[in-house]
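Hi,

Here is the structure I promised to pass on to you. Have a look at it first, and then read on for what turned up.

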Amino acid sequence: MQPLRGSDSIMWTIKFRNGTLKRFKFPIRTTAEGSIDCYGGKPMPKMSELTVDGVFTRSMMGGFRAGNPAELIRK
Amino acid sequence: MAGTFEAPEVVYEELDILLVGGGMACCGTAYEMMRWAEALKAETGKELKIKLVDKAAMDRSGAVAQGLSAINTYIGDKQDPADYARMVSNDLMGITRDDLAYDVGRNVDDSVHLFEEWGLPIWKTDAEGVRHDGAEAQKEGLPALKDGGQPVRSGKWQIMINGESYKWIVAEAAKKALGLDRIMERVFIVHLINDKNDPTRIAGAAGFSVRENKIYIYKAKAVMLAAGGCVNLFRPRSVGEGSGRAWYPVWNAGSTYAMAAEAGAEMTMMENRFVPARFKDGYGPVGAWFLLFKAKAANAYGEDYMTKNKEMLNDYPPYGQAAVPASCLRNHLMLKEMKEGRGPIYMDTVTALAKLREALSPKEVKHLEAEAWEDFLDMCIGQCGIWVGENIEPEKKMSELMPTEPYLLGSHSGCCGIWVSGPTDLGAPTAADEELAGVPEHLPRGWNWGYRSMTTIKGLFTAGDGVGASGHKFSSGSHAEGRLAAKGMVKYVLDNPDINPEFDETTEEIAEAIWKPVRNFLQHKDYTTAIDVNPNYITPKMLQFRLQKIMDEYVAGVATYYNTNDKMLEKAEEKLEMLKEDSQKMRAKDLHELLRAWENYHRILTAEAHMKHIQFREESRYPGFYYRTDKNFVDETNWHCFVNSIYDKKSKQWTCFKRKHVDLVDKSKLFKAAAH
């Protein structure tokens, strides 16, 4: 098995015991290596919000799932 | 002064916050923490001294090192965090912390959305229901998940990715957040240090470079301990011929559990283990085959054992009546076939792919074949080696399945780990609620004691595999959990500005303890002419074999088909005590062996915790993962509770006790009416 890892994809050549050859190419990332701007466009939290539930990107990443309060049976 | 093997240099540093580990959990911690640290500096001018120390290199450290072909925890906009908490509970036979699972569930998608933004290719389904791989989806203009893009679900909670570089991408963001000056790679933290004036407070941590003759001692107000689960404490199925091959990463040596226990942190559910049923010998993943390709597993005679043996599920009400039986129960049904001589067990890849081909175009069939191979090539290249070496083309030849040796972990389908403080807004028990008798006086009551993810040792936090009683976090959940802990850590440091930890040991004592295996070697190496044969020391490798033999033969390893009993546990207890004594005689002839020596010491303590918890819990809570043949039943009356423990580093003794289990979400929704 032989990998060839490039900047945006990896190519594999695999050879079976019986000689069968297969080649695959899979994407590995959609951005240039080293290009991540980790806080770019992200809010600067206020220290007064440190105890608010959720992470600092909660308001803009669309990932907070508030849940149905009725599911919490001890509240 | 540069250190030598005989006289290592001791480097001392004072910090506010130390992060131990570089996997998904610590990357999440770093990402969230540094933003709050920036906010703090902007608002007050105060700068926190933060450092991350990793045994390896962040780009490829942790369980996601090789890559993944799916993100196993993504809630999406159609499911409720309560559904997630229910699933976690069901798969772990009812004993989990709903507060912790729910909290991960409501926050995990935020991390997944970030991963996509950072460049992780996530498969999408378009309006016509056609699947696109992650890069193609972006070229086609399909929206990102955060903008309503539809992932390709391989199961209720899983989404497909092109994840060879998953860890690389997540690490890049964490490294950018930290800045390289705050990262120390190739340093193995092996020991936590308590506070001299308050033994229930953390004061720092110590370890050594695996590249240079240097010992590192850090004083810190808060420590994140997230160094993975435990592998190779049991004799693996792959021994001489494939030594080192394992399902979970071999560098996860129980360091998280052992160091936390020695520091006095309360452990939870250390009896829990995971025995994954995987493609035999290569440990290749089966999730995509079961969930995406809809393959069935069968015994050697073609019988679907999940159907054939389904009545066995009725022995374990209510868990056997769940729509999706727990992972251990699926193993339980498979093991019956193996024990009664109807192995090997196969994954019927041939029928599954033939069925899929009926409905697909030739182009789609080609893509499907690539998907099947990518599943391995992204995350378990060794399985490809087995397939090509044995001429297995999945459309033509079925592949063997096998339950592996046991693993201890808290983020995958297991829930052992450390007892931590949870969120306060979900109805979790408080200090005012009733607790079971036997909980040591000095430990907190209720499920929150001030700071999210803090252990019962003040200032010591954990995430990912470290957090017990809340499995099924996987990669994304571990990252999210690290982020939640980061906020708790910053708050702890800000709330306690006057803490000035003092070590309960001198730096000389710490350095000597760390270097002891080297001293053993240097002192005795000339006693014999063969370096590995010496009555005065034991090589780490031999000691590891001894540990693995004890665990395999007495503590329900593969040798006994996962069976143990009270008498076997007594023997194990005695032998582990002696092994712990002998661990002080391990030798290190070089830095690599020093790494191995300390990893094995951590494994012994983890193994001991596992054994003690199984011994204390007088039932078989996880049939298919382990059986106590003297108590071969699930006892809901007496054992529907957490088993927790503490370790006394002075007396070297464990104390196990029960903690009351409470449901925060309704579990009855999981179960069909009982069959009997």
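Before the findings, a definition: a pocket here is an open set of grid points where a 1.4 Å probe fits, with protein on both sides within 12 Å along at least five of seven lines. Please keep in mind that this is a predicted model.

Let me start with the second largest pocket. About 1,100 Å³ of space lies in it. Its lining is made up of 48 residues, and those nearest the centre are His191(B), Glu262(B), Ala263(B), Lys649(B) and Lys650(B). By type, the lining residues split into 18 nonpolar, 13 polar and 17 charged. Several elements of chain B supply at least two lining residues each, among them strand 10 (187-194), helix 17 (566-582), helix 18 (591-616) and strand 23 (641-648).

Next, the two chains. Here 54 residues of chain A are in contact with 80 residues of chain B. Between them, about 6,000 Å² of area is buried, with carbon and sulfur atoms giving 59% of that. On the chain A side, Tyr39(A), Arg65(A) and Arg74(A) lose the most area to chain B, together 13% of what that side buries.

Finally, one residue to look up in chain B. Gln321(B) sits in the loop between helix 8 (305-308) and helix 9 (327-339). Is Gln321(B) buried or exposed? Its relative accessibility is 4%, so Gln321(B) counts as buried, the cut-off being under 20%. The side chain of Gln321(B) also makes a polar contact of 3.3 Å with the side chain of Asn314(B).

Conventions:
Residues numbered from 1 in each chain as written. Chains lettered and ligands numbered in written order. Predicted model: local features only at pLDDT ≥ 70, side-chain atom pairs only at ≥ 80, totals over all residues. Heavy atoms only, no water. Helix = DSSP H or I, 4+ residues; strand = E, 2+ residues; numbered from the N terminus. Buried < 20%, exposed > 50% of the residue type's maximum accessible area, 1.4 Å probe, protein only. Polar contact = N/O pair within 3.5 Å; in protein donor to acceptor, adjacent residues only side chain to side chain. 1 Å grid on protein atoms, 1.4 Å probe; cavity = no way out; pocket = protein on both sides within 12 Å on 5 of 7 lines; lining within 4 Å. Points joined across faces, edges and corners; volume = space filled by probe spheres on them. Nonpolar A, V, L, I, M, F, W, Y, C, P; charged D, E, K, R; others polar. Contact = heavy atoms within 4.5 Å. Buried area = accessible area lost by both parts, 1.4 Å probe.
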